[in-house]
Amino acid sequence: MTDTPESPYQPEELVRQDGVGVGDPFLRLWTPHRMAYIEGENKPTSKDAGSGCPFCRLPGLPDTDALIVHRAEAAYAVLNLYPYNPGHLMLVPYRHVADYTELTAAEVSDIAALTQQAMLAVRAVSDAHGFNIGMNQGEIAGAGIAGHLHQHVVPRWSGDGNFMPVIGHTKVLPQLLGDTRALLAKSWPTD
């Protein structure tokens with residue numbers, strides 16, 4: 001093992017696994033929960049409503065179980081179960097609809113208002129430096145659940161594109177999703 005600066009997070013002794021090849025100075029951060037997403041857990045069996053669509057099922061659950069942060073008349077805000085960054089929210093119409101052009105005026109209005117409220121709540125809780133906001137329309141565009149439209153609000157901070165996601169393809173989330181949901185719900189702006 002090479003000499004490295006002392007760190008409170010460094011284990012007292014590194015145990016090398018036999019057969020891993022040439023050793024390197026990297027510690028490994030395992031994120032096995034991501035495999036569920038990669039293998040398709042919680043994805044609907046078809047694009048039809050009621051085919052295991054999580055966005056149709058979530059509103060019937062208690063907010064804490066569903067990770068719903070706020071409910072409006074025609075849409076709701078929910079934490080992403082597989083977030084890109086801490087505080088990653090999705091804004092979802094209650095109605096099972098796939099295409100943005102098929103939304104009603106009330107759904108468009110609620111999603112727009114929820115977007116503004118999400119940004120305010122995330123800034124209040126975590127002082128986000130910026131946001132990525134958008135939706136993927138159709139499987140070919142990258143929609144993981146193409147049958148039920150949802151808009152992402154992803155908080156960003158200076159330096160959040162560090163080596164972990166860029167090289168290691170791993171995101172480090174410093175807080176449990178239930179704790180994040182409670183903070184955002186408490187800080188959600190009221191009209």
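Biologist: Which residue of β2 stands opposite I68?

Modeller: In this predicted model, I68 stands opposite V78 in β2. Residues are numbered from 1 along each chain as its sequence is written, and local features need pLDDT of at least 70, while side-chain atom pairs count only at pLDDT 80 or more and totals for chains, interfaces and linings use all residues. Side-chain values use heavy atoms, with hydrogens and water left out.

Biologist: How do you know that β1 and β2 pair?

Modeller: β1 and strand β2 (residues 75-79) share three bridges in the antiparallel sense, and DSSP must find at least two bridges for strands, which are E runs of at least two residues, to count as a pair.

Biologist: What makes β1 and β4 the edges of the sheet?

Modeller: The open sheet has five strands in the order β1-β2-β3-β5-β4, with antiparallel pairing. β1 (68-71) and β4 (130-134) each have a single partner strand, so one side of each lacks a neighbour in the sheet.

Biologist: Why are α4 and α6 called roughly perpendicular?

Modeller: Helix α4 (residues 105-126) and helix α6 (residues 177-187), as DSSP runs of H or I with at least four residues, pack at about 115 degrees with their axes 9 Å apart. Angles of 65 to 115 degrees count as roughly perpendicular, and α4 and α6 are therefore given that name. The contact (heavy atoms within 4.5 Å) is made by A121, V122, A124 and V125 of α4 with L183, L184 and S187 of α6.

Biologist: Why is the pair of Y76 and Y94 called tilted?

Modeller: The structure holds one aromatic pair. Its ring centres, in Y76 and Y94, are 5.3 Å apart, and rings pair if their centres lie within 6.5 Å. Planes under 30 degrees apart count as stacked and over 60 as edge-to-face; the planes of Y76 and Y94 are at 35 degrees, so the pair is tilted.

Biologist: What does this pair tie together?

Modeller: Y76 lies in strand β2 and Y94 in the loop between β3 and α4, so the pair ties together parts that are 18 residues apart in sequence.

Terms used:
Axes are lines fitted to C-alpha atoms, for helices over the stretch in contact, and angles run from 0 to 180 degrees between N-to-C directions. Angles under 35 degrees count as roughly parallel, over 145 as roughly antiparallel, 65 to 115 as roughly perpendicular and the rest as oblique. Two strands pair if DSSP finds at least two bridges between them. Rings of Phe, Tyr and Trp (its six-membered ring) pair if their centres lie within 6.5 Å; planes under 30 degrees apart count as stacked, over 60 as edge-to-face and the rest as tilted.
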